[in-house]
Every structure is written in C-alpha cells, then in structure tokens.
Amino acid sequence: MKTECICHRTGFHSSALDPKTVSLRLHTAKDIVRVWVAADDPYISGSSPLIPWDGKPQPMELEAELREGLVWKTAVHCPWRRLQYYFRIEDAAGETRIMLENGFYTPEEFAALPAITEPQFFRFPWINGSDVNLPPEWVPSAVWCQIVPDRFRMALPPESKTRKLRPWCDDAEITHSGFYGGDLPGITSRLEYLRDLGFSGIYMTPVFASSSYHRYDTDDYTRIDPDLGTSADMAELVRKAHSLGMRVMLDAVFNHCGRGFFAWRDVVENGERSRYKDWFFVNQWPVEDSWADTRNGRYYSFSFGGGMPKLNTDNPEVRAYLEDLCAAWVSDWNIDGIRFDVGNETSHAFLRGLAAKLKKQKPEIFLLGEIWHDAFPWLCGGEYDSVMHYPFISALNEFRGLSSRTQRDLMYAMNRCQTMYRDGLASSLFTFLDTHDTVRAVTRAGSRDALLQELAFLLTMPGTPCVLYGTEIPLEGADDLQGRKCMPWDRIEAGEFSAFSAEVKKLLHVRRDFPALGKGRVLWDPRTADGRAVCYANTTDGNASVCAALNFSGSAVPFAPEGRVLYSRLYDGAAGNLAPGGIVLSLREETRA
C-alpha cells in the first residue's frame, strides 16, 4: 500500500455542510479499492480519554480520479454537532491499514493501541454556525454576462460626457486611454436583450469615478463616474434587472486606488504629516507622484503601476472606510454581489470583517474574489463565497491547444478543478472562457464552431458560468486591449449576427432550462477516454442527466445520442456521424432502482 500517497487533514479535507453534517475527503493512490470511515461523537462512550472508543463504519465513495490518484468522499451525520473519526483503507492486494491523525497502523497494531496510549483520532470538535460557509443558494443556477460599461452601449447624450469620445465601434486605433461613452442607462436599455439570450445576471467592471475608461484606478468610490450616469441610474439598473429576474454584481477595486483618491492626494500634498500616510505603503519621502512605474521602490502599487498606489487593508481606518462603502452600495442599490479585483492581495483580516458585516446586512449577497491560482486560503470560510476559476479555463485551453491530450487528460484536469476546495463550493466557482483581461474566446479557439464547443462545455459543467459581452456575435480580440471592443448595435439589430447568436442562445437556454447543471456530478464515458471525442453526463438530479458529446478530433466519429436531443451541430443523425467541431447535447431520463 502506498501510504505516502494517502492524505487527509481536518480543515483542509473536511467541511461542515450544515450544523449536523460534515463532509470528509480522503486522497489516495490508485492502488486503493475500498475506504471506510469509522465515525461517531467523541464522547459517545464517556468524556474520559481512557474509555475505549470506536466509530460506526461508513463506506466512502470514489468521487474523482485524478492523474496522480483518487479522491474519496462521504458525508457523516453528527447529531451532537461533533465528530471523531478514523479511516480503514484496503488496497487491491487485500492489505488493510488504519489511518489516524498521526499515521498508519495494521489492524493488529490498532487493536493494541488502547492498552499502550490514547489513539490520535481525527476530530471535528464542534460545528459552529459560522463554520457552515456555503455560497448563497441562488448562485449555482446563475448565468452571468460580464460587461465593460464604456464599451457596451451609450444612451446618454454625447454632449453630456466629460471626455472626448472616439466614434462608437471605431476600433482601427483602439488604445488603453480611449473613451467610447458607454453608460449605465445603455446597459439598462439592453437588459431584455441579455435576458432573452439566456443570462440571469450581469457583472460590470468598475463604475466609480476614475481617470480611465476601465476604471480600475478609482478616484472616488462614493460617486458613479459622471460619464456613466448617476446613483439614480444605478438604482434604476438594479431595479429593472430585478424585475426581469436578473442579478447585478459590481466590481470593487480595494487592493489599490487611483492617483485622484482623496487620501492619496492628501499624502502627496502633506507628506509624512498626512493623517492618511499609513493608508498606503510609501517608502520614499516626499512622494514622487507620477504615472512612472514603481520599480524604484518609492511606494508599493499594483503591478508596478504608478497610477495605482496600493492600499493598506490591514489599517483599521482603511478597513472601516471600505466596509462602509460596500454597505452603502448594498443599502442604496440593493446589489446582489461584489467581485473583488486583485482579490489575493487584500488583507485576510479585512475580508473576514467585511464579509461578516455584509452577510449580516444581506445574507444572500455573493462575494467573489479575483484569484488566478489555487485560492484555498481564501475559501476556508468567512471570506469569499467563491473565486474566479482560472484553473478551469487553463485546463480547457491546454486540452484545446495540445493535440496529444485526450478525454482522460481533460477528465483528470476537470476532476482536479472540482475537488480543489471544500465540498459544496464547486457548484459556485465562477467559470468562464474569457474575461476583459484575456484573449477573446473565439480568437483563442480559432473558429466559431470551436467557440460553440467550448460554450457547450462551459454551460454543461458545474459552477456558475460567465460569458463576456459580445461572445454571441462573436467579438474577437488577441489581447486585453482588442478584446474590449464596442458592441456594434446597428449591425446586431440589422440581423448581421443573428445566425450565430441563435446558436449561442440555444446553448444558454439549455443551461437556463436545466439550472441543476450547476450542482450536477459529471460522469465521463470510459469508451471515449483515449480519444479527443469527448463524452460525459452531468447528472442534474436523481432522475435525469444532460449528456454531452463534443468532437475535438480532426475526423468524424460514429455517435448515437442518448435520450432526447436538446441541441446539435455538425451532427448527421441519419449516418450516425459527429463531424469535427460537432456538438450533441441530449437529455437522458434515469430510472431509479
């Protein structure tokens, strides 16, 4: 038995699903064939550690196969809100080991332990209410559209804008400093369009006063940028969205601010005498306030950007200021979520305090962190509800880009994505094909057929999916600059993109019609494991599965759908062939034994 490959740590591989249920995971090598957990209340036999204790055995199910091992899982009922447990593990050769917190024992050694010393059992000491940190119930069924407001639609008169505007959709010389004039009323005017496509939520990049069109260098967190509209315009956008059954999420840039932020201006003007000097990380006085990068160490900033001085979110005054801002956004506009830019660099203490305040104010608010890497430390409870799941799109891009990768490789990668964090979080991880920070999905995929395949994959996987505005056209872009083009509404309304948009709408409506896909369990077809024609089923509830067949190979493959076809493309039903780039989504009704 490869005991060196077996891993379980309370807190890392255990989580409270409710006040009387604990989920347990165990990671093993692939030589393991059976696992049981023996669990019960630690005091069921008495409070003295000298009294013999044993748990009730419960089999663990194989949750996922990874490239390097297996993940086993079970949920244990805890009527007294406490749990003590150990594992009994058997390999293919019939060898059995007992796993305690301090190591492995043969059954004979384990039986002899009580006469020698107190066994070191695993323990979940007590399930406090605050230990149950699951995202809001509505999140897994949401389908988001990400919008860059300056590039979506302009409804306010051009003469009302404070900046010189480039002609709408003039992308010939698109720059990082050009404004096009999109605004909040423009978004409000197209909410029905987005809902009709199949979206149930919008996530907007920053809307607060800033010197840039992207507004990630905030100058005034208390004021909607005047070129986008007013506080009343924001309130109307949220009101109308809610009337249409849609959610609204704002972008909070709290890792850093803009050079026009009042506290930074005070530091620049008053130097070390400023009452706000500890709101930042200034290393050289007087402050050299410029757009020049900060590699000279004069102050810390985001990514050496001189225009984005870093905020000290460990400072109690900064924390109180930002907490009050978010509370005001919720009370004034009734927003449903907040996405935190550079969410891995703000203070954990700040995030815990902020989350506690906002959850008390609005328990169903969704707190999302922008983190590009393994985000486990931020998802242990009491901070973010979820994170942007970059490992998901990285795995899909790798499969798409490397022709040597097979369905088995994709399965390993996706199983890793689904089991990275505490049980119960996978259904709310924010999945996507692209964002305002990346290459556009159609450009990376290489064709519209390939984009539709990736959309079908995104929308039939667990998580809360997000699609970048304009994907339904689809807008192209080889970098984050070109990817932020304007929506060509004249051409859209003239029907120029209607055929492709109809395909995107059909896919979005599959997700809309089967919202349980967000919480489903994916089972991969072993018959296609070694090829690039990918087949899997997402079991949406106890009675049905949405089955997907996606041909990523370079040649047609024989295929017969299971159940009622929900969507198909490049599929010859008469011949039973799925062409390269082809998609079939079908509904398979299950029969319970």
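Reader: Let's start with the open sheet of four strands. What order do the strands come in?

Author: This is a predicted model, to begin with. The order in that open sheet is β1-β2-β6-β5, and the pairing is antiparallel.

Reader: Which are the edge strands?

Author: β1 (14-18) and β5 (61-65), each of which pairs on one side only. From one strand to the next, the twist averages 30 degrees.

Reader: How many bridges join β5 to β6?

Author: Four, and the two strands run antiparallel. β6 covers residues 70-77. As an example, A64 has V71 in β6 as its bridge partner.

Reader: Which helix lies across β2, β5 and β6?

Author: That is α9, residues 407-419. Its direction is at about 120 degrees to β5.

Reader: Different topic. What does UniProt say about residues 146-511?

Author: The UniProt record, an unreviewed entry, annotates them as "domain: Glycosyl hydrolase family 13 catalytic". In the model, that span is 35% helix and 11% strand.

Reader: I clicked on D227. Where is it found?

Author: D227 sits in the loop between β14 (218-224) and α4 (231-243).

Reader: Is D227 buried or exposed?

Author: D227 has a relative accessible area of 3%. Buried means under 20%, so D227 counts as buried.

Reader: Which side chain does D227 join in a polar contact?

Author: The side chain of R163, at 3.2 Å. If neighbours within four places in sequence are left aside, D227 is in contact with several residues, including L156, S160, G182, D183 and R215. R163 is also one of those contacts.

Reader: Now α11. How many residues does it have, and how far does it reach?

Author: Helix α11 has twelve residues, 448-459. From its first C-alpha to its last it reaches 16 Å, close to the 16 Å expected at 1.5 Å a residue.

Reader: And why is α11 called largely enclosed by the rest of the structure?

Author: Because ten of its twelve residues are buried.

Reader: What happens at the start of α11?

Author: A side-chain oxygen of S447 comes to within 3.0 Å of the backbone nitrogen of A450.

Methods: Residues numbered from 1 in each chain as written. Predicted model: local features only at pLDDT ≥ 70, side-chain atom pairs only at ≥ 80, totals over all residues. Heavy atoms only, no water. Expected span 1.5 Å × (residues − 1). Buried < 20%, exposed > 50% of the residue type's maximum accessible area, 1.4 Å probe, protein only. Polar contact = N/O pair within 3.5 Å; in protein donor to acceptor, adjacent residues only side chain to side chain. Pairing = 2+ DSSP bridges. Axes fitted to C-alpha atoms, helices over the stretch in contact; angles between N-to-C directions. Contact = heavy atoms within 4.5 Å. UniProt positions renumbered as here; feature names shortened; annotations may be inferred.
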